[in-house]
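Let's take a friendly walk through this protein and the ligands beside it. Please have a look at the sequence and the model before reading on.

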Amino acid sequence: MTQPVIWCIGGIDSSGGAGVTRDALTLADLHLHACVITTQITVQSNTRMLDSHIVSPSVINEQWLLLENELPPRAIKISAIANDEQALVLCARIDSLNKPKPFIVWDPVLCSTSGGKLTQLSTPVVQLLLKVVDVVTPNIDELSALTGMPISDNQSKRDAIAALLALGANAVLAKGGHATWQSDAIDTFKTNTIEYEFSQPRAHQSAPSEVSRLRGTGCMQASALAAFIVKGYAIDDALTLANAYVMQVRTALRDHALSNEATLDSARSDAYFAKPVGFPAQQSAFPQVFFAPNDPVKWQDNTGFAPLSETNLGIYPVVDHVDWIAKLLPTGVRIIQLRIKLSPEKKNLDQHMANISQQIKAAVALTKGTKCQLFINDFWQLAIKHGAYGVHLGQEDLATADLQAIKTAGLRLGVSTHGFAELQRVKMLKPSYIALGHIFPTATKDMPSQPQGITRLQQYVDLYDDIPTVAIGGINLSRVNAVANTGVNSIAVVTAITQADNPIASFHALAEEAGFVK
Ligand SMILES: Cc1ncc(COP(=O)(O)OP(=O)(O)O)c(N)n1
Ligand SMILES: Cc1nc(C(=O)O)sc1CCOP(=O)(O)O
Ligand SMILES: [Mg+2]
């Protein structure tokens with residue numbers, strides 16, 4: 001299979017520490033091919049910038065036109081644009097691209113970390129650029145320069161992000177590395193409808209200065225973002241992975257410098273050089289994610305929920321009536337979920353709620369004294385009231401459920417997730433298990449996300465090996481073995497049991513095929 005192509009448009013840093021060289025190295029590390037359109041050739045080392053030679057707009061145009069037919073981009077990463085003339089050529093070329101347009105990220109590098117000015121753009125041209133790119137990724141200084149607003153605290157940062165959106169940006173990723181008033185380094189991603197925060201402890205970011213002088217981290221982050229979008233990740237997951245990628249590079253550099261192999265002299269001379277790290281696979285490199293500045297998850301303590309009595313749970317039937325629980329208990333099932341959904345057309349809500357309450361009560365009575373761990377979906381108050389074993393909640397449910405009440409009552413908590421961002425959002429809650437969905441297409445419910453497939457499931461299982469995991473979504477007899485081979489602790493199914501001709505036989509067949517029967 002040919003490698004997807006990403007175009008990197010920006011300046012050449014003769015030291016290789018930043019610019020399009022850093023972009024190309026990052027993309028190569030993530031197995032993507034970089035084409036390079038050069039905007040300026042700089043004369044710089046890691047510590048000094050002496051000069052910059054600006055490429056003419058017509059040469060940029062020629063580079064673009066030649067690449068367009070032979071090596072069309074799946075994404076475009078733009079960084080230093082020297083002047084308005086260059087920017088106008090880029091805007092015109094982007095406008096002329098066929099739809100669907102590639103993902104375009106603009107890292108508005110204004111100055112080099114080695115000291116030189118790289119970009120001089122007028123406000124009307126900045127506005128044109130903002131409108132044609134999908135995401136702009138300023139650090140605090142760049143955000144301040146682009147908006148003309150001083151930034152010194154969270155409120156002024158928020159105001160400046162709002163101003164950039166008002167200028168026409170589709171989405172802003174304001175990086176927090178330079179926001180020294182914050183104890184953690186917080187990247188804020190905002191569009192007119194959504195907002196995420198990605199937070200890393202600052203202590204992690206800063207290695208002793210003699211061993212880490214890494215430059216080009218902004219180039220790395222924007223290139224990695226483009227790479228993960230091209231690899232098919234949703235924007236929240238791509239942002240999480242790009243943040244983790246940069247942290248993993250920082251950590252690798254620090255670990256090498258502090259290792260016994262390195263002398264102080266070699267550490268000093270290596271201090272500028274990024275190490276290839278590949279796909280982020282180090283849990284500690286991942287940021288804490290919040291879905292809004294006031295995400296209720298932020299205010300939860302991290303004491304954790306009661307653990308499961310048993311973690312290798314086998315097949316996990318998810319059923320919509322207590323009668324299923326009575327029917328399935330004789331199989332020896334170790335975990336089961338009562339998932340009754342309130343249909344909007346139900347007329348008599350009180351009567352419906354009374355029926356749900358009765359079913360939960362009966363389900364608790366049926367499973368008491370057995371080895372079957374009963375989880376109640378959604379109805380956490382009723383689960384507490386009737387003393388269920390646990391509650392299962394989705395991401396949206398976390399905004400309304402009283403998690404402290406669930407914890408205090410001693411109930412276990414299972415939480416749905418659909419990617420790296422959601423996993424990093426709920427990890428600090430230390431739930432009793434995390435569900436990973438949907439692995440395959442499912443007809444049981446409308447899913448806003450894409451099926452994840454076995455490769456991603458394997459990544460999650462490897463990365464989150466300290467929390468019991470449950471796979472869900474479209475799992476049937478022909479797929480269950482591949483799912484079980486990832487090492488996931490449990491496999492949840494709805495229709496593979498409830499729509500089987502013989503549900504009991506189907507439960508046993510799934511368990512056997514998965515290798516859960518010893
Ligand atoms: C084991 C398991 N995983 C995921 C879900 C889905 O929960 P949620 O996202 O809250 O959606 P609804 O089930 O409420 O539609 C689940 N129930 N169980
Ligand atoms: C209830 C549910 N939650 C999912 C998630 O991914 O969060 S997938 C799903 C439905 C699973 O049904 P089936 O086994 O019939 O595909
Ligand atoms: Mg729910």
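**Domains**

Please keep in mind that this is a predicted model. The domain assignment of the protein chain gives two parts: domain 1 covers residues 5–294, and domain 2 covers residues 300–514. Taken over C-alpha atoms, their centres are 39 Å apart.

Where do the domains meet? On one side, 14 residues of domain 1 are in contact with nine residues of domain 2. Helix H9 (235–258) and strand E10 (288–290) are the elements that each give two or more residues to the domain 1 side. H9 provides the largest share of that side, with four residues. By class, the domain 1 side that touches domain 2 holds nine nonpolar, three polar and two charged residues.

**Ligand surroundings**

Around ligand 1 there are 17 residues, and the closest are Gly394, Ser416, Ala435, Ile472 and Ala492.

Ligand 2 has 16 residues around it. Those that come nearest are Gly437, Thr442, Thr444, Val494 and Thr495.

Here is how the two shells divide by residue class.

| Shell | Nonpolar | Polar | Charged |
|---|---|---|---|
| Ligand 2 | six residues | nine residues | one residue |

So much for the table; as you return to the model, the shell of ligand 1 is a handy place to begin, with Gly394 and Ser416 among its closest residues.

Definitions and conventions
Residues numbered from 1 in each chain as written. Chains lettered and ligands numbered in written order. Predicted model: local features only at pLDDT ≥ 70, side-chain atom pairs only at ≥ 80, totals over all residues. Near = placed C-beta within 6 Å. Nonpolar A, V, L, I, M, F, W, Y, C, P; charged D, E, K, R; others polar. Domains from an automatic or database assignment. Contact = placed C-beta atoms within 7 Å.
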